[in-house]
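Reader: I would like to learn how to read a side chain and a sheet in a model. Please take me through one case of each.

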Amino acid sequence: MAGGLRSRLQALQWLARPRRPEPLPVALDRHRIYVLPTGFGLFLGALLATMLLGALNYNNNPALLLALLLAATALASALQAHLQLSGLRMEAVSAEPVAAGMPLRLRLALARDDRRPRRGLRLAHGPAAARADLVDTDGIEVDLWLPTVRRGWLDLQRIRLSTTQPLGLVRAWSWVWPAPPVLVYPAPEANAPPLPDTGSASLRTRQHPLGDELQQLRPYRHGDARRTIAWKHSARRDTLLVREYERPAGTELLLDWHALGPLPHERRIARLARWVEEAEREGRRYRLLLPGQPVMGPDVGDSHRHQCLRALALMPDA
């Protein structure tokens with residue numbers, strides 16, 4: 001019975017505004033704020049009704065005055081709870097992409113249209129919830145940690161803002177439904193093989209004091225290590241010369257979708273995601289070749305990593 005009542009209440013909640021995703025920012029006003037008594041508020045209402053009946057029955061003026069004062073306090077509490085949400089604005093919603101299976105940090109930017117302090121705000125998205133106070137600043141950021149299951153776009157559900165302040169007699173709440181989804185990267189393969197050996201088609205070198213090949217001799221500069229001084233050449237020139245070496249800067253990797261032909265579709269995506277992370281960790285330039293898309297790279301760095309993982313996350317299902 002309790003489960004059936006809960007499902008009916010949830011169905012009624014979908015009649016509340018908004019009924020579809022909406023662009024941000026969103027301001028909360030009286031048209032979308034709802035107020036109902038809590039369990040404690042219902043108990044107090046029953047108690048006040050009993051006090052009023054007893055006071056009227058026995059013509060007890062002090063008891064009647066006390067019951068009316070408490071009722072007025074309860075009504076003022078309901079109005080104050082409504083004002084806690086009225087004038088709030090949801091400015092923006094953002095999140096950094098994470099791998100599927102990891103919790104996603106959803107950042108909610110809240111602001112207010114007036115100087116009234118807001119205390120005891122509760123924000124919830126499904127099972128994820130957080131509390132916040134908006135007192136001394138014009139805006140705050142609240143974090144909600146959402147579970148992720150699969151790669152691709154994660155459509156946000158309605159976010160509930162609620163409060164039971166100041167006395168806990170009523171609960172005021174409102175809904176915000178952000179339109180833009182957030183991206184979830186594919187989960188890297190747990191036990192992927194090493195990076196593929198694609199040869200050294202684009203081998204680069206860079207100067208390095210502990211390199212392998214001699215590049216040139218140059219005049220000594222203050223701070224050069226003594227072990228890099230070329231003593232024989234310096235004796236011939238009557239001036240100190242220093243050896244400069246070069247070291248290979250790494251080979252360009254080719255991460256090719258078609259080279260993983262025997263693997264299932266999702267397994268290929270997971271392996272390429274792992275190889276992208278490994279190439280970034282080793283600082284090696286790499287290209288990513290996916291079907292129906294232009295070659296990405298060769299490059300290395302955060303922007304290139306995000307570009308590749310985004311493309312993998314948005315690969316169509318098999």
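Reader: Which side chain has a polar atom 3.2 Å from the backbone oxygen of leucine 263?

Author: A polar contact is a pair of N or O atoms within 3.5 Å; within protein, one must be able to donate a hydrogen and the other to accept it, and residues adjacent in sequence count only if both atoms are side-chain atoms. Here the side chain is that of arginine 268. The backbone oxygen of glycine 261 also lies 3.2 Å from a polar atom of the arginine 268 side chain. This is a predicted model, where local features need pLDDT of at least 70, side-chain atom pairs count only at pLDDT 80 or more, and totals for chains, interfaces and linings use all residues. Residues are numbered from 1 along each chain as its sequence is written, and side-chain values use heavy atoms, with hydrogens and water left out.

Reader: Is arginine 268 buried or exposed?

Author: Buried means under 20% relative accessible area, exposed over 50%, partly exposed in between (1.4 Å probe, protein chains only). Arginine 268 has 15% relative accessibility, so it counts as buried. This residue lies in helix α5.

Reader: What is the strand order in the open sheet?

Author: Strands (E, at least two residues) and helices (H or I, at least four) are DSSP runs, numbered from the N terminus; two strands pair if DSSP finds at least two bridges between them. The three strands have the order β15-β16-β17, with mixed pairing. β15 (253–256) and β17 (296–299) are at the edges, each with a single partner strand, so one side of each lacks a neighbour in the sheet. Strands β16 and β17 run antiparallel, joined by two bridges; leucine 288 has methionine 296 in β17 as its bridge partner.
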